[in-house]
Amino acid sequence: PYVITDACIDVMDRSCMEECPVDCIYEGKRKLYINPAECIDCGACEPACPVTAISLDTKVPSGKAEFAEDNARFFEEP
Ligand code: SF4
Ligand code: F3S
């Protein structure tokens, strides 16, 4: 799945949400998160983000690997 990294924190532009055909991008308090169980890997959200916060999980920039796990964790039951 695609994941949203730290660049989204306190920016929350939300252009990504408008592009997602399956509405699998959800709002947290300070950033948005992509539900890995729902993302169909279409890639539509990636170019929509003005701060390039979105990457495919296998292509997340070095040093930001934890955001793939962080996205998944957001959707786990408490
Ligand atoms: Fe939605 Fe496609 Fe982005 Fe996945 S890759 S979050 S399905 S727009
Ligand atoms: Fe965040 Fe970029 Fe979407 S800033 S809300 S990932 S368009």
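**Two ligands in a predicted protein model**

Reader: Why does the radius of gyration of the protein agree with a compact globule?
Author: With 78 residues, a compact globule would have a radius of gyration near 12 Å, and the protein has 11 Å, so the two agree. The radius is taken over C-alpha atoms, and the rule is 2.2 Å times the number of residues to the power 0.38. This is a predicted model, in which local features need pLDDT of at least 70, side-chain atom pairs count only at pLDDT 80 or more, and totals for chains, interfaces and linings use all residues. Residues are numbered from 1 along each chain as its sequence is written, ligands are numbered from 1 in the order in which they are written, and side-chain values use heavy atoms, without hydrogens and water.

Reader: Why is Cys8 called buried?
Author: Buried means under 20% relative accessible area, exposed over 50%, and partly exposed in between (1.4 Å probe, protein chains only). Cys8 has 8% relative accessibility, so Cys8 counts as buried.

Reader: What makes Cys20 buried or exposed?
Author: The relative accessibility of Cys20 is 11%, and therefore Cys20 counts as buried. Of the 78 residues of the protein, 36% count as buried.

Reader: Which residues come nearest to ligand 1, and which are closest to ligand 2?
Author: Around ligand 1 there are 13 residues (a heavy atom within 4 Å), and Cys20, Cys39, Cys42, Gly43 and Cys45 come nearest. Ligand 2 is surrounded by 14 residues, the closest being Cys8, Asp13, Arg14, Cys16 and Cys49.

Reader: How many disulfides does the structure hold?
Author: The structure holds zero disulfides, a disulfide being a pair of cysteine sulfur atoms within 2.5 Å.
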